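User: Please go through the fold and the charged pairs of the structure shown here.

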Amino acid sequence: MLNVDLLIVGAGPVGLYAAYYAGFRGLEVAVVDSLPDPGGQITALYPEKAIYDVAGLPAVRGRDLVEGLLTQADQFKPHYRLGHNATELTRAADGWTVTTDNGETIRAKAIVIAGGIGTFTPRPLPAGEDFLGRGLTYFVPNPAEYADREVVVVGGGDSAVDWANLLEPIARKVVLVHRRDAFRAHAASVTALRASTVELRTPYVVDELYGNGVVEGVRLRELTSKTTNELRCDAVIAALGFTADLGPLESWGIHIENRHVLVDSRMATNLSGIFAAGDITEYDGKVRLIAVGFGEAATAVNNAAVLIDPSTTLFPGHSTDSAA
């Protein structure tokens with residue numbers, strides 16, 4: 001059994017920052033994540049994508065952000081348990097005990113849940129499931145693979161727009177297909193998209209992918225006129241969003257609403273000693289940005305620190321004061 005002060009569930013950006021901040025507060029920390037590598041969705045889905053909402057960094061590549069967060073956290077030597085899914089939660093005399101699906105038991109005086117919004121399953125492109133892995137994919141871990149290729153991106157959210165912009169200078173041709181004329185993405189990204197060489201097909205849907213064993217093109221349908229046409233390509237990226245599953249967390253007795261954990265201003269859940277931070281949380285006025293998640297992580301850790309040791313102060317001072 002591993003005994004620590006604080007267990008962090010989730011090794012995405014918010015979880016890694018929580019690990020750093022808990023170490024800064026002198027707490028011994030364990031970090032559990034079901035994925036085999038740290039970084040959460042960034043590492044799994046878009047390590048090469050630029051991220052724009054981290055304070056002080058006009059743009060940072062996903063993998064570089066994760067590397068920096070790991071360096072920051074690792075100075076306090078957290079215990080990583082990657083490839084471990086936190087499953088069972090039980091009360092302990094001085095906190096909580098969590099068992100992972102690998103059979104490891106971790107006892108912690110407090111817990112911070114920083115697991116994004118659960119396990120993500122990509123929404124499928126029904127027209128092309130037979131080509132999955134043979135020209136059809138749902139994310140872009142390595143943009144260089146699309147050099148000199150003709151790419152169709154399907155979707156109208158942030159991921160679709162960002163990947164179209166990212167691949168525009170790399171691929172031979174990029175076409176973005178969306179069922180509406182408007183895009184649900186950051187305004188600056190949409191402005192860059194409309195000023196680029198990306199060909200926009202709106203309002204269109206993909207009726208079918210075709211090819212001999214691998215993708216060779218798509219059949220599109222215009223939603224206003226109902227006319228159809230074929231578009232040659234050798235790669236399709238379906239950025240249609242993801243469905244989330246909180247998995248075992250839903251059986252822990254935590255108040256959950258619409259797949260999000262309800263917290264108060266301390267980032268505390270309804271269970272004493274269990275806090276949450278990041279995209280998984282819900283409260284009035286919640287904004288789901290990485291920058292917000294970092295602040296929530298510090299709030300959660302500081303309040304957990306006081307719960308663990310009531311003689312300590314909620315605010316420990318600034319890190320610059322300690323360094324001096």
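User: On what kind of model and which conventions do the values rest?
Analyst: Residues are numbered from 1 along each chain as its sequence is written, and side-chain values use heavy atoms, with hydrogens and water left out. Local features need pLDDT of at least 70, side-chain atom pairs count only at pLDDT 80 or more, and totals for chains, interfaces and linings use all residues, since this is a predicted model.

User: How many helices and strands does the protein have?
Analyst: Helices (H or I, at least four residues) and strands (E, at least two) are taken as DSSP runs, numbered from the N terminus. On that basis the protein has 22 strands and seven helices.

User: What is the radius of gyration of the protein, and what does the globule rule give for 324 residues?
Analyst: The radius is taken over C-alpha atoms, and the rule is 2.2 Å times the number of residues to the power 0.38. The C-alpha trace spans about 70 × 40 × 35 Å along its principal axes. The protein is as compact as a globular protein of that length, because the rule gives 20 Å and the radius of gyration is close to that, at 22 Å.

User: What percentage of the residues of the protein count as buried?
Analyst: Buried means under 20% relative accessible area, exposed over 50%, and partly exposed in between (1.4 Å probe, protein chains only). Of the 324 residues, the buried share is 48%.

User: Which residues of α3 are buried, and within what arc do they fall?
Analyst: Helix α3 covers residues 62–74 and reaches 18 Å from its first C-alpha to its last. Its buried residues are G62, L65, V66, L69, L70 and A73.

User: What covers the buried residues of α3?
Analyst: Contact here means heavy atoms within 4.5 Å. The cover includes strands β3 (50–51), β4 (60–61) and β5 (79–82), together with helices α1 (13–24), α2 (40–45) and α6 (290–308).

User: How many salt bridges does the count come to?
Analyst: A salt bridge is a side-chain nitrogen of Lys or Arg within 4 Å of a carboxyl oxygen of Asp or Glu. By this rule the count is 17.

User: Which residue forms a salt bridge with R61, and which residues are linked in a network?
Analyst: R61 pairs with E48, with the closest N and O atoms 3.0 Å apart. The pair links distant parts of the chain, R61 being in strand β4 and E48 in the loop between α2 and β3, 13 residues apart. R61 is partly exposed, at 34% relative accessibility. The network of salt bridges links E48, R61, R63 and D64.

User: How far apart are the closest N and O atoms of E150 and R172?
Analyst: E150 is partly exposed at 22% relative accessibility, and R172 is partly exposed with a relative accessible area of 49%. In their salt bridge the closest N and O atoms are apart by 3.3 Å.

User: Which strands hold D207 and R221?
Analyst: D207 forms a salt bridge with R221, the closest N and O atoms being 2.9 Å apart. The pair ties together parts 14 residues apart in sequence, because D207 lies in strand β14 (residues 204–210) and R221 in strand β15 (residues 217–222).

Definitions and conventions
The expected span of a helix is 1.5 Å times one less than its number of residues.
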